[in-house]
Amino acid sequence: MKRVFLYVIFSFLVFISAFAGRIREKQWPVNRPVKVYVCPVQKEIGPAAWRIVKKGFAEAELWHADLVLIHMNTYGGSVDAADSIRTKILNSPVPVYVFIDNNAASAGALISIAADRIYMRPGATIGAATVVNQSGQAMPDKYQSYMRGMIRATAEAHGKDTLINGKDTVYKWKRDPLIAEAMVDPRTYIKNLNDTGKVLTLTTNEAIKWGFCEGKAETVRGVLAQAGINHYSIREFKLTALESIIGFLMNPLLQAILIMIIVGGIYFEFQSPGLGFPIVMAIFSAVLYFAPLYLEGLAENWEVLVFIAGLILIALEVFVVPGFGVTGISGIILTIAGLTLSLVDNGIFKTGGIYPVYVILRAFSLVCMSMFVSFLLSLWASKKLFTSSRFENLALNTSQDKELGYTSYGSEGYKLVGKTGVAHTVLRPSGKVIVEDEVYDAKSELGFVEKGQKIKVVRFETGQVYVRKE
């Protein structure tokens, strides 16, 4: 008897360990409607989608929902946002179903596999989860390896089913990890399913046959009928106007444009006297860039401060410190770092591996490319602007003829030290000064010098006259 008892206990433990997975199915309440919260995951998977899911799950918890139903139709998006969403689903205390309303490609497939049940519209597809770059080219294998492991782990999280055939007991994966991996890696061979050397994408009927879909449905209510839920109350996530604006501002294309305006505004401000429209546009664009990222928890206080410190160092390099050296280089590095790190969720650093590097490199590429394009456009625009007759008063076009008082100097520049004169143009920090009725190139050693202000020559180095306000 003791042996039989121990055998029963051992069998029970094996049973639990084999398919314990995430068993969250429960008996639906009979004395009230089943509370179903519908959360949309539409369009591109990115920060905006992750924000909607976070808020949706929070609202579902406050409402004491019995079931969260994700209404999905997406061609994919960023891996980091998809990973955050699938982790939220895996850790959900209530069951999560997914209704694939046409497409669950790439990042959408990863999210769908995390759900307890998957329902698909006839004609829908799921799969094609290879990691690609911005141009659609497959990333190197170290990135694919991380994605393969993540999608396998997501499928394995559902555990196994126990199949009894006579005296034989077979444990079968609820979501076969090998099939999930085939959605990422075309080298994965699965007999009668994926033997063509191509990335796997399943139709609705194929997904049902191979255990990646529990049934067909045309609508959300059809999904509930398929799940055996007939008495229910539905609450749907609704976007507010503010959330729509935040989602719009977090679009990668718009973020790139804002970076271009920031850089262009700063460039033009350095080319013109006084504080004017360019710096106003740069500040306004910086607010639009950082505000949604800060509100969504991506941009931390220190990342914004790093960006501001970078701008201060650049200003010091241009207006205070002569030449271009450590101050300017440090300012550029801090500015790029602030813009880049603000695009990255700091939570990814806890994952380790190659994935955080991929996310940072992607953000870094967006920032650097935007800054580079902005710089080229600024050079082109400044050439057009300052050489146009319509804007000729914004540029100094006077010919530096000797008859007009202009002269060159070599070692005689040392003789100018200690002498006084007036600013012939605005020194910002470079410009023209008049000393003893002759015009010289000069650079302000400290701050701006307005046209007409008295100056004093304080030193002469490497062919450059340095002056200060009198």
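These legends walk through a few close-up views of a predicted model. Residues count from 1 along each chain as its sequence is written, and side-chain values use heavy atoms, with hydrogens and water left out. Local features need pLDDT of at least 70 and side-chain atom pairs pLDDT 80 or more, while totals for chains, interfaces and linings use all residues.

**View A. Strand 15 and its partners.** Strands here are DSSP E runs of at least two residues, and helices are H or I runs of at least four, numbered from the N terminus; two strands pair if DSSP finds at least two bridges between them. Strand 15 (residues 464-469) runs parallel to strand 13 (residues 438-444), with three bridges, and Ser444 has Val467 as its bridge partner. Strand 14 (residues 454-461) is antiparallel to strand 15, with six bridges; there Phe460 partners Val465. Two residues sit between the strands of this hairpin, where Thr462 takes a positive phi near 45 degrees.

**View B. Around Ile126 in the largest nonpolar core.** Such a core joins buried (under 20% relative accessible area, 1.4 Å probe, protein chains only) Ala, Val, Leu, Ile, Met, Phe, Trp, Tyr and Cys residues through side-chain atoms within 4.5 Å. Of its 84 residues, Ile126, Met183, Leu202 and Tyr289 touch the most other members. Ile126 touches, among others, Ile100, Ala104, Met183 and Leu202 (heavy atoms within 4.5 Å), leaving aside residues up to four places away in sequence. Another core, of 15 residues, lies apart from it and includes Leu67 and Tyr97.

**View C. Met369 on helix 14.** Met369 belongs to helix 14 (residues 355-387). Met369 is exposed (over 50%), at a relative accessible area of 53%.
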